[in-house]
Amino acid sequence: MEFPLAILAVVAKQGPLVGRTPAELHFRTKYGAAVIAVHRNGKRIQDYPGNIKLHSGDVLLLEAGPTFIAKNTDNQRSFALISEV
């Protein structure tokens, strides 16, 4: 049985996530992770995560499977940094 991981991922500058919402991106299907919260400038954005337009540098708290980091580490266009919490 695979248990989900808590992952922090930073939105890359000028990547495909910038200016779009997780819902528009079909984030869960495309990246295999659910966006639990979005932090910008050190503060949590108090809105449903799927409706937040992402900015470069946003920190995403994700719930993902154990293969998320390996599958997305080389995807420098989407994430500037990925780390397990």
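Colleague: What share of the 85 residues of the protein counts as buried?
Modeller: In this model, which is predicted, 34% of the 85 residues of the protein count as buried.

Colleague: And Asp-58, buried or exposed?
Modeller: Asp-58 is buried, because its relative accessible area is 1%, and the cut-off for buried is under 20%.

Colleague: Where is Asp-58 placed in the chain?
Modeller: Asp-58 sits in the loop that runs between β3, residues 43-44, and β4, residues 59-64.

Colleague: Which residues does Asp-58 touch, leaving out those up to four places away in sequence?
Modeller: Asp-58 touches Ala-9, Val-10 and Val-11, then Val-38, His-39 and Arg-40, and also Lys-53.

Colleague: What about its side chain, which backbone nitrogen lies 2.8 Å from a polar atom there?
Modeller: That is the backbone nitrogen of His-55, which lies 2.8 Å from a polar atom of the Asp-58 side chain.

Colleague: Switching to the whole fold, how many helices and strands are there?
Modeller: The protein has three helices and five strands, and along the sequence they follow the pattern β-α-α-β-β-β-α-β.

Colleague: How does the radius of gyration fit a compact globule?
Modeller: The value for the protein is 12 Å, which agrees with the figure near 12 Å for a compact globule of 85 residues, and the C-alpha trace spans about 35 × 25 × 25 Å along its principal axes.

Colleague: Last topic, charges: how many positive and negative side chains?
Modeller: There are 10 positive and 7 negative side chains, with the centres of the two sets 8 Å apart.

Definitions and conventions
Residues are numbered from 1 along each chain as its sequence is written. This is a predicted model: local features need pLDDT of at least 70, side-chain atom pairs count only at pLDDT 80 or more; totals for chains, interfaces and linings use all residues. Side-chain values use heavy atoms; hydrogens and water are left out. Helices (H or I, at least four residues) and strands (E, at least two) are DSSP runs, numbered from the N terminus. The radius of gyration is taken over C-alpha atoms; the globule rule is 2.2 Å times the number of residues to the power 0.38. Buried means under 20% relative accessible area, exposed over 50%, partly exposed in between (1.4 Å probe, protein chains only). Lys and Arg count as positive and Asp and Glu as negative; His and the chain ends are not counted. The place of a charge is taken as NZ of Lys, CZ of Arg, CG of Asp or CD of Glu. A polar contact is a pair of N or O atoms within 3.5 Å; within protein, one must be able to donate a hydrogen and the other to accept it, and residues adjacent in sequence count only if both atoms are side-chain atoms. Contact means heavy atoms within 4.5 Å.
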